[in-house]
Amino acid sequence: MQKKFSSDRYDPLGTERDDVSRRHFIKGVIACGTVAGAAGLMSGCSDGSDGGGSPAAGSVERMISINVNGMSRNVDVMPNETLAHTLRNKLGLTGTKLGCDRGSCGACTVMIDGVTHNSCSVLTHSVRTASVVTVEGVGGANGELHPVQQAMIEELAPQCGYCTPGQVVSGVALLQRNPNPTREEVRHALAGNLCRCGAYNNYINAIVKAAGSA
Amino acid sequence: MKDMMPSFNLVQPTDVESAINILAEAGENGWAMAGGQDSLDWFKDRIKRPHTVVDLSGIEALKGIRETADGVEIGALTTLTTVENNPIIKEKYGVLAMAAGRVASPQIRNKGTIGGNVSQDARCWYYRSGLDCYRAGGNTCYADTPEGMNREHCLFGASRCVAVSPSDTAVAVTTLEASMVIVGPGGERVVPASEYFIGPAIDITRMTVLEPGDVLTAIRIPSKWAGAQFFFEKVADRNSWDFPLVNMAAAMKISGGVIEDISLTCGAVECVPKRLTVVEDIVRGSEPNEETANLGAGAASRGASPLNYNHFKIPLMENLVKKAIRG
């Protein structure tokens, strides 16, 4: 069966590449887009081209290191760069999603020193001395899922899944400060995470379930 | 990939004096940013385009809540979450804790500051979308027209502009008769909350007395209302991440079964938090019952001039006054 399947493809050189996963392909496209699109989309980012004048004395250094998921990462950060942009486009941490980019939806939620923030509404330069945890950093060192993530699978919490990383981070942050929340407290903690599919109850169920084992 | 906001120079001072100096040097191209929860949206929308952004969040002296000889002093850079959970505020000035806890969403309260929340700009969407209205320095109002969508706009104090004060904590701060500490190039000055917020008749382009280059450094709450009976309610279309349609804050001292003293403030019906002194005068000395509540409520909306779509704010405001008084 498998052989028949592979011979169905047009492959004049006979070198089929089965190792290209969809995820890697998409990440590659994002990287290419960053370079190709840089001239147009990001023209406002180069020093002084848009804001007028050269950098003022005392303006921040661009080469900084930030602590993300327990690792110190060196990165070139523009003064007007949001944390969501740095995480997604420079550090490859695309688990953090951008929904509205206006602090309204919570898809970009990350923990900064254990407290949830909308990473679209935080300048990366303001977290130089802080510790950032994204959805990639909530699980175990060997890829074990956090109890909140496991419970979300068991409770079929996500529908389309776009808001899920933000819901996970808000849930994990809640259990860190309050290991046994009431259902009402869970609702309050997730109040900043919009779910367009309306799967709120499933997310709350999952976090209540995880609270027992976290 | 999302578009970036236009570039600016970012300066991160660690003391107030440097911040004031940098802002003075930058002049009208400078921007003082506290939590950034509103500032960054202005920049992303390209409606405000400062050249120099002064990030105040690194100034530790502006953070924290301290008890003073007469009350409590809250650093302007204290986050709303800290205000909401602070034991002193919760115990003695509960109305402020309640108000802080009803602002926006948990993520925004974790970053947004009390200083930024009370000083935030008008939320009129015509203004926010970059139209050249009066408030933006233009020569018209888009909200106060026969077709204008003005459901969220004002009942009182319109003067060309019909935008309202959108802050939840501003009504609590006004009710508690706080004073605002402002540092600018000319030094420090202290302004009572009742004079801190200004309407369009005074200056149509600003919501507060803060001049460009000024920084609100602290909010001082006197002990006058400490431990009073507090009430706060915000009515909004959504329970999370929404601005009030009407909000109401009250502090009441009951003695011998009658209202000995009361402070009552209504938000989102005028460009400034509206202290309901007429209602206060009527109910002071009476029992906090249904009859008193009805008398007070009737006086609350006196003088209101609703726009096309915001008549509903009149009964809403009256009902909140009733709830505040009869408990």
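This is a predicted model: local features need pLDDT of at least 70, side-chain atom pairs count only at pLDDT 80 or more; totals for chains, interfaces and linings use all residues.
Local features need pLDDT of at least 70, side-chain atom pairs count only at pLDDT 80 or more, and totals for interfaces use all residues. Residues are numbered from 1 along each chain as its sequence is written.

Me: What area is buried between chain A and chain B?
Reply: Buried area is the accessible area (1.4 Å probe) that two parts lose on being put together, summed over both. Carbon and sulfur atoms give 53% of it, and the total is about 3300 Å². In chain A, the residues that lose the most area to chain B are Asn80(A), Arg102(A) and Leu123(A), together 18% of what that side buries.

Me: Which residue of chain B meets Arg102(A) in a salt bridge?
Reply: A salt bridge needs a side-chain nitrogen of Lys or Arg within 4 Å of a carboxyl oxygen of Asp or Glu. The rule finds two across this interface. In one of them, at 2.6 Å from N to O, the partner of Arg102(A) is Asp45(B).

Me: Which side chain of opposite charge is nearest to Lys313(B)?
Reply: Lys and Arg count as positive and Asp and Glu as negative, while His and the chain ends are not counted. Lys313(B) is buried (under 20% relative accessible area, 1.4 Å probe, protein chains only). Lys313(B) has no salt bridge, and at 6.9 Å the nearest such side chain is Glu152(B).

Me: Which residue's backbone oxygen does the side chain of Lys313(B) reach?
Reply: Lys313(B) touches several residues beyond four places away in sequence, among them Arg151(B), His153(B) and Leu155(B). The backbone oxygen reached, at 3.0 Å, belongs to His153(B).

Note on methods: Chains are lettered from A and ligands numbered from 1 in the order in which they are written. Side-chain values use heavy atoms; hydrogens and water are left out. Buried means under 20% relative accessible area, exposed over 50%, partly exposed in between (1.4 Å probe, protein chains only). A polar contact is a pair of N or O atoms within 3.5 Å; within protein, one must be able to donate a hydrogen and the other to accept it, and residues adjacent in sequence count only if both atoms are side-chain atoms. Contact means heavy atoms within 4.5 Å.
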